[in-house]
Amino acid sequence: MTFDIEGMSCAACVARTEKKLMGLPGVFASVNLATKQADVTMPEGVSAGDIIARIEAAGFSAHVRQPDPEPVEDQAGGLRLRMIVCAVLALPVAVLAMVPGVQFPGWQWVSLGLALPVVSWGAWGFYRAAGRNLRHGAATMDTLVSLGIVAAVGWS
C-alpha cells in the first residue's frame, strides 16, 4: 500500500519515518523523499490507520495514496511564487551591500526592510518544519537552516 506523506524535507525525516514504520511487527517500509511517499508491505493484522498513526508519531501527516494525485506543477506553484518574490527582494539588498557607488544615506534600513520578508515569509517553511520536528525530539536540515537564518539576521 502506498501512503502520501506531507512535511518531510530531508534524509533524516525519511530515516525516522522508516524506523517508526518498521517498528510494527511484520511491516516493511520504503520511504521516498523525492515523491514524499511510503511504500508499505504489511501483514493482515496491521491496518492503514496503524501505519498513518506511526507516520504521525514521526511528526508528519499522511493519507492513503489516491489514484489521481494532484499534478506536481500545481503543488510547486506556491513555492515558485515564493522564490520569485524573495529573489526580487534579495537582489537589491545584495547590490546595495556590494556596490558602494549605489549606497545612499540610510541604505541599511532599506536593506533591512527588503530582507525582512525574505527571512520571515520566504523561510517560513523551514521554521514550520523545524518546529514540528523539534516537538518530536528530532533536529533535521530545517533546524540547521532556521538557526542559520536567525543567526545571520541577529548578527547583521
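Helix α4 gives the most to the lining of the second largest pocket, with 5 residues. This is a predicted model, where local features need pLDDT of at least 70 and side-chain atom pairs count only at pLDDT 80 or more, while totals for chains, interfaces and linings use all residues. Numbering starts from 1 along each chain as its sequence is written, and side-chain values use heavy atoms, without hydrogens and water.

The second largest pocket holds about 220 Å³ of space. Its lining residues are L112, A115, L116, V118, V119, A152, V153 and S156. Of these, 7 are nonpolar, 1 is polar and none is charged. A pocket is an open set of points on a 1 Å grid where a 1.4 Å probe fits, with protein on both sides within 12 Å along at least five of seven lines; lining residues have an atom within 4 Å of a point.

The largest nonpolar core has 20 residues. Such a core joins buried residues (under 20% relative accessible area, 1.4 Å probe, protein chains only) through side-chain atoms within 4.5 Å. I5, L21, V40, I51 and I55 have the most contacts inside it.

Leaving aside neighbours within four places in sequence, I5 is in contact (heavy atoms within 4.5 Å) with residues including T17, V31, Q37 and I55. Q37 lies in strand β3. Q37 is buried, with a relative accessible area of 16%. Beyond four places in sequence, Q37 touches T2, F3, D4, I5, S30, V31, N32 and R65.

Key:
Buried means under 20% relative accessible area, exposed over 50%, partly exposed in between (1.4 Å probe, protein chains only). Helices (H or I, at least four residues) and strands (E, at least two) are DSSP runs, numbered from the N terminus. Grid points are joined across faces, edges and corners, and a volume is the space filled by probe spheres set on the points. Ala, Val, Leu, Ile, Met, Phe, Trp, Tyr, Cys and Pro count as nonpolar, Asp, Glu, Lys and Arg as charged, and the others, Gly among them, as polar.
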